[in-house]
Amino acid sequence: MLSPAQIEDLKARVDLASLAEQLGAKLRRSGRHMMGSCPICGGGKRATRFEIKGSQWVCAVCGDGGDAIKLIQAVTGCDFPAAVDRLGGARPLTREEEAKIAAVRQRREAARQAEQERYRQKEIEAARLIYDRGRALQSGGAISRYFAARNCDGGPGLAPGLRGAADVPYFHGETVDHTGRKSPRVVHRGPALLSPVHDNDGAFIALHITWLKPDFSGKAEIVDPETGELLPAKKVRGSMGGGHIVVLGSRETPRRLFKGEGIETVYSVATALYRLGRLRPGDLFWSSVSLGNLGGRAICTVAHPTLKGPTGRPQRIPGPVPDLNPAIPSISIPASIEQLVLLGDGDSDPFLTTKTLERGRARYARDGLRIGIAMAEGGRDFNDMLEGSA
Ligand SMILES: [Zn+2]
C-alpha cells in the first residue's frame with residue numbers, strides 16, 4: 001500500500017505533457033497551459049478540448065480529468081499498481097520525507113484551490129459582461145434566420161434567456177507589444193448567439209457563445225491567422241461542469257425533459273414536436289453544452305470496438321457506468337419530470353455518443369421516471385423519428 005506522500009513523490013518526477021504525448025496526445029502551448037488532442041478519446045473534431053494545467057489534465061469531451069496515474073489508467077485500461085509501475089514505481093520514503101511532502105502537498109492544494117476559485121469568479125464576471133450587452137431575441141429577427149437555415153423555421157421560439165449580440169470579439173492566442181507585454185489576440189468579431197449556462201440551483205455559471213456568419217446563414221468561419229487552422233465557432237466562458245442551457249420551456253413543474261448536447265439539436269426536436277402538434281405545456285428542452293455533461297462523468301473508460309488510438313492500441317472512451325460521486329458536478333433532473341428523453345446528435349462518434357447516453361440513463365434511473373434514448377442528425381431525422389413513434 002502506497003502512502004499519499006509516496007504517490008506525490010512519484011508524480012513529482014513525471015512530466016505530464018511528455019507522458020500524454022507518449023500516450024498519443026498531440027499538444028501545443030496555449031498561454032500557460034498545454035492543449036491539443038486527447039490521448040484517451042482522441043477528441044475528434046474537438047481536438048482542443050484536452051488540456052494540461054500543471055500536474056493535472058482535463059478533457060472536455062471525456063468530461064474527466066486527473067493526474068498522471070489516472071491518465072495512464074484511462075488510456076490503457078490498466079489498474080492502479082500497473083500505472084504506478086509504468087511511471088517507474090514508488091520509492092521508500094523516510095518519516096521526515098513523508099512529513100515534508102505531505103506539508104508541501106497541503107500548501108499547494110490550498111493554493112491551487114484558491115487560484116481555481118479566483119479564476120472561476122473572473123471568468124463568470126467576464127461572461128456576465130458579455131451577456132449583459134446582449135439583446136433579447138426578436139421573432140423573425142437575425143438569430144431566427146440562423147435557425148431557419150437549420151430547418152427550424154417557424155419553430156416555437158427560443159427561451160427568453162437566450163440573447164443576440166452584433167459584435168462579439170473572439171480571442172485566440174496572444175499578441176506581444178514592443179514592451180513585451182502580452183495581451184489576448186482578437187482574431188474575429190461578429191454577431192453571436194449568447195446562451196447562459198445555469199447550475200442546478202439556477203445560478204449563472206457560464207456563457208455559451210456561438211459566432212454566426214454576417215448573413216446568419218450558418219456558424220462563422222473563424223481562422224487562426226497564424227496556422228490557417230479553422231477554429232471552433234463556439235466557446236464557453238466560465239465553468240460549465242454540471243450546467244445546462246434552457247433552450248425552451250419553463251422551470252415550473254415540467255413533466256417531460258428533452259436533453260441533448262447542442263442547442264441546435266435540442267431546438268430541432270422542439271420544432272419537430274411543435275410542427276406535429278405534440279409540444280406540451282410541461283415540455284422542457286435543455287442543452288448540456290458538452291457531451292461529457294450529457295452523461296456526466298464515467299467510472300472508467302472502455303475500449304472502442306474499431307477505432308485505434310494514436311499509438312495503435314484500441315481507443316478508449318468514457319464507459320456506460322456513471323460516477324455518482326456527489327462532489328463531481330453533474331446535471332440533475334427536476335423532481336417533477338416524468339419522462340426524460342436523452343438526445344444524441346450526429347456530431348460525435350456514434351459509439352462514444354451511445355455510451356454517453358447509456359451512462360445518462362443509468363445516472364438518472366429512478367422510480368416514476370421513464371427514460372428514452374434517441375439518436376438523430378438534424379431536425380429532419382427527428383421529424384421522421386417522431387412520425388414513426390406512437
Ligand atoms: Zn478525451
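Helices (H or I, at least four residues) and strands (E, at least two) are DSSP runs, numbered from the N terminus. By this definition the secondary structure of the chain comes to 10 helices and 19 strands. The radius of gyration, taken over C-alpha atoms, is compared here with a globule rule of 2.2 Å times the number of residues to the power 0.38. The value for the chain is 22 Å, close to the 21 Å that the rule gives for 390 residues, so the chain is as compact as a globular protein of that length. The structure is a predicted model, in which local features need pLDDT of at least 70, side-chain atom pairs count only at pLDDT 80 or more, and totals for chains, interfaces and linings use all residues. Residues are numbered from 1 along each chain as its sequence is written.

Along the principal axes, the C-alpha atoms of the chain fill a box of roughly 70 × 60 × 40 Å. Two residues are in contact if their C-beta atoms, placed from the backbone, lie within 7 Å. Of the contacts in the chain with a separation of 6 or more, 65% are between residues 24 or more positions apart. A residue is buried if 20 or more other C-beta atoms lie within 10 Å of its own, exposed if 12 or fewer, and partly exposed in between, with C-beta atoms again placed from the backbone. Buried residues make up 38% of the 390 residues.

The chain is divided into domain 1 (4–108) and domain 2 (244–296 + 331–390), with bounds that come from an automatic or database domain assignment. The C-alpha centres of the two domains lie 34 Å apart. Six residues from domain 1 and eight residues from domain 2 take part in the contact.

Two strands pair if DSSP finds at least two bridges between them. Strand β1 is joined to β2 (residues 33–36) by four bridges, and the two run antiparallel. Within this pair, S30 stands opposite H33, and R29 has M34 as its bridge partner. The hairpin of β1 and β2 has two residues between the strands, and G31 takes a positive phi near 65 degrees there. Three bridges join β2 to β3 (residues 50–53), also antiparallel, and G36 has F50 in β3 as its bridge partner.

A second open sheet of five strands has the order β13-β15-β14-β18-β19 and mixed pairing. Its edge strands are β13 (245–248) and β19 (370–375), each of which pairs on one side only. Neighbouring strands of this sheet are turned by 25 degrees against each other on average, direction ignored. Strands β18 (residues 339–344) and β19 run parallel and are joined by six bridges. Opposite G344 stands M375 in β19. Helix α9 (residues 350–364) packs on the sheet, where it touches β18 and β19, and its direction makes about 165 degrees with that of β18.

A nonpolar core is a set of buried Ala, Val, Leu, Ile, Met, Phe, Trp, Tyr and Cys residues joined through C-beta atoms within 7 Å. The largest such core has 76 residues, of which C59, V247, V266, Y267 and F285 touch the most other members. Helix α7 (residues 263–275) supplies the largest share of this core, seven residues. Both domain 1 and domain 2 give residues to the core, so it lies between them. Leaving aside neighbours within four places in sequence, V247 is in contact with residues including L158, A159, I263, V266 and F285.

Two further positions were examined. I222 is found in strand β10 (residues 222–223) and is partly exposed, with 18 other C-beta atoms within 10 Å. Not counting residues up to four places away in sequence, I222 touches Y170, V187, H188, W211, L231 and A233. G202 lies in the loop between β8 (182–198) and β9 (204–211) and counts as exposed, with 9 C-beta neighbours inside 10 Å. From C-alpha to C-alpha, G202 and R28 are 36 Å apart in space, and they are 174 residues apart in sequence.

Note on methods:
Axes are lines fitted to C-alpha atoms, for helices over the stretch in contact, and angles run from 0 to 180 degrees between N-to-C directions.
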